[in-house]
Amino acid sequence: MDDVDRKILAELQQDGRLTVTELAARVRLSVSPCHRRLRELERSGAIQGYRAQVDPAALGLNFEALVFVSMRQEDRDTVVEFERAVSELDHVLDAQRLFGEPDYLLRVATADLAAFQRLYDERLATLPGVQRLTSTLVMKHVVRDRPLPA
């Protein structure tokens, strides 16, 4: 990856709806070489997809929490089953496996506190291998969906 590829990625992170012509102008390339580079970035997996950033409030998701998960068991089968089950929960926006304690960090969005409590009691607490859940509520986002540095 060279500096031109990095400029292409930076521009697309700012505006994923740019046309190839607009993108080429911004990175100072002609359209054909820009298009080739773009396709190669997509083919290589450097660009993993394109999507809209949606305001959670527009979907009625006004409550967000971070849930720390400590596992009772960490054998391979339990970890695989836990991760599969978490990936099927629509309200879990992000799930990260951590080194040390706790074992996982989940970012969860729901309509309100009552909806979060139902998700917590009925789904999160019953996930395979879970020993303990600890939650903290998000007051506000200071940095959100920042583009990756070039």
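Let's start with two helices. Helix 1 (residues 3–14) and helix 3 (residues 31–44) pack at an angle of about 80 degrees, and their axes lie 11 Å apart. Helices here are DSSP runs of H or I with at least four residues, strands are runs of E with at least two, and both are numbered from the N terminus. Axes are lines fitted to C-alpha atoms, for helices over the stretch in contact, and angles run from 0 to 180 degrees between N-to-C directions. Helix 1 and helix 3 are therefore roughly perpendicular to each other. The cut-offs: under 35 degrees is roughly parallel, over 145 roughly antiparallel, 65 to 115 roughly perpendicular, and the rest oblique.

Which residues make the contact? From helix 1, they are V4, D5, I8, L9 and L12. From helix 3, they are R37, L38 and L41. Contact means heavy atoms within 4.5 Å. By class, that contact of helix 1 with helix 3 has six nonpolar, no polar and two charged residues. Nonpolar covers Ala, Val, Leu, Ile, Met, Phe, Trp, Tyr, Cys and Pro; charged covers Asp, Glu, Lys and Arg; the others, Gly among them, count as polar.

A word on the source. This is a predicted model, where local features need pLDDT of at least 70, side-chain atom pairs count only at pLDDT 80 or more, and totals for chains, interfaces and linings use all residues. Residues are numbered from 1 along each chain as its sequence is written, and side-chain values use heavy atoms, with hydrogens and water left out.

Next pair. The axes of helix 2 (20–27) and helix 3 come within 9 Å and cross at roughly 100 degrees. That makes helix 2 roughly perpendicular to helix 3. Helix 2 brings V20, T21, L23, A24 and V27 to the contact, and helix 3 brings V31, C34, H35 and L38. By class, the contact of helix 2 with helix 3 has seven nonpolar, two polar and no charged residues.

Look at the loop between helix 2 and helix 3, where R28 is found. R28 is not a glycine, yet has a positive phi of about 60 degrees. Now the loop between strand 2 and strand 3, the place of P102. The peptide bond from E101 to P102 is cis, with omega near 0 degrees. Most residues other than glycine have a negative phi, and most peptide bonds are trans.

Step back. The protein has five helices and four strands. From the N terminus on, the order is α-α-α-β-α-β-β-α-β. Along its principal axes, the C-alpha trace spans about 55 × 35 × 25 Å.

Last topic: pockets. How much space lies in the largest pocket? About 1400 Å³. A pocket is an open set of points on a 1 Å grid over the protein atoms alone, where a 1.4 Å probe fits, with protein on both sides within 12 Å along at least five of seven lines; lining residues have an atom within 4 Å of a point. Points are joined across faces, edges and corners, and a volume is the space filled by probe spheres set on them. Of the 33 lining residues, Q13, G49, R51, Q53 and D145 are closest to the centre of the largest pocket. Helix 1 gives the largest share of that lining, six residues. The lining of the largest pocket divides into 18 nonpolar, six polar and nine charged residues.

The second largest pocket holds about 180 Å³ of space. Its lining has 14 residues, with N62, F63, E64, V138 and H141 nearest the centre.
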